[in-house]
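Subject: Handing over a structure, with notes on what was found

Dear colleague,

I am passing on the structure that you will be working with, and I would ask you to keep it open beside this message while you read. My notes come after it.

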Amino acid sequence: MGFLFVFTLASNAAATSLGAKPLNVRQIHNFPVGCLPENEGASIELKSADVIGESLQEDGAPQQWAIELIPGSKPRIVLPGECIAFDMPIDGYRQVGEFHPLEEGKTYSFGLRRGDRLNDWVSKLYVGMFCVQRAPDGHLAYLPYIMNVGPKGRTITYPSCGRYAGLPPAPDGINPPRQ
């Protein structure tokens, strides 16, 4: 499953700086946003951002939205706790590939890639997951998967629309389907 790999990277982040670091996914107004964790300790230069859909196919997951820094442009500095919104333009960045709207019932990963500290042994990728559910008022809700580290290892608090992502469910979430 495509997301098993994403969470494997994220779950190894604490053990090594080579894996992806966790990204907090939230909803602000009617948009999913990827937020640099407040405890990150330092700002990053944003090189690119993307949202990728789930896939069980061998050809990889479809890209829903992606932006990258235009060569020669000044990168946006993302501070700890600051967020980048899905499908919102940022000066100095361009859309990469086609845009595809998010769909109810699907799971996605939200990624931010840093462009600074290129020669350091530091993770350049921040990844978080979310799924899309229809709220009672008819709007789409973007519900995050939350990584937990406890005395018995790593678990995920799966949202109500979540699908299995390779780690056991935390006691405070659902037991998601494995398909």
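Predicted model: local features only at pLDDT ≥ 70, side-chain atom pairs only at ≥ 80, totals over all residues.

Residues are numbered from 1 along each chain as its sequence is written, and side-chain values use heavy atoms, with hydrogens and water left out.

If a disulfide is taken to be a pair of cysteine sulfur atoms within 2.5 Å, the count for this model comes to 2 disulfides. When the bonded cysteines are numbered in sequence order, they pair as 1-2, 3-4.

One of these links joins Cys35 to Cys83, with an S to S distance of 2.0 Å. It connects distant parts of the chain, since Cys35 lies in strand S3 (residues 31–35) and Cys83 in strand S7 (residues 83–85), 48 residues apart; strands here are DSSP runs of E with at least two residues, numbered from the N terminus. The torsion about the S-S bond of Cys35 and Cys83 is about 95°, and therefore this disulfide is right-handed. As for accessibility, "buried" means under 20% relative accessible area, computed with a 1.4 Å probe on protein chains only. Cys35 is buried because its relative accessibility is 0%, and Cys83, at 19%, is buried as well.

The other link is formed by Cys131 and Cys161, whose sulfur atoms are 1.9 Å apart. This pair also ties together distant parts of the chain, with Cys131 in strand S10 (residues 125–134) and Cys161 in the segment after strand S13 (153–157), 30 residues apart. The link of Cys131 and Cys161 is right-handed, with 85° about the S-S bond. Cys131 is buried with a relative accessible area of 0%, and Cys161 counts as buried at 13%.

Finally, please look at Arg114, which is found in strand S9 (residues 107–114) and is buried, because its relative accessible area is 4%. Its side chain is joined to that of Asp116 by a polar contact of 2.9 Å, a polar contact being a pair of N or O atoms within 3.5 Å where, within protein, one must be able to donate a hydrogen and the other to accept it, and where residues adjacent in sequence count only if both atoms are side-chain atoms. A polar contact of 3.2 Å also joins the side chains of Arg114 and Tyr126.

Terms used: Helix = DSSP H or I, 4+ residues; strand = E, 2+ residues; numbered from the N terminus. Buried < 20%, exposed > 50% of the residue type's maximum accessible area, 1.4 Å probe, protein only.
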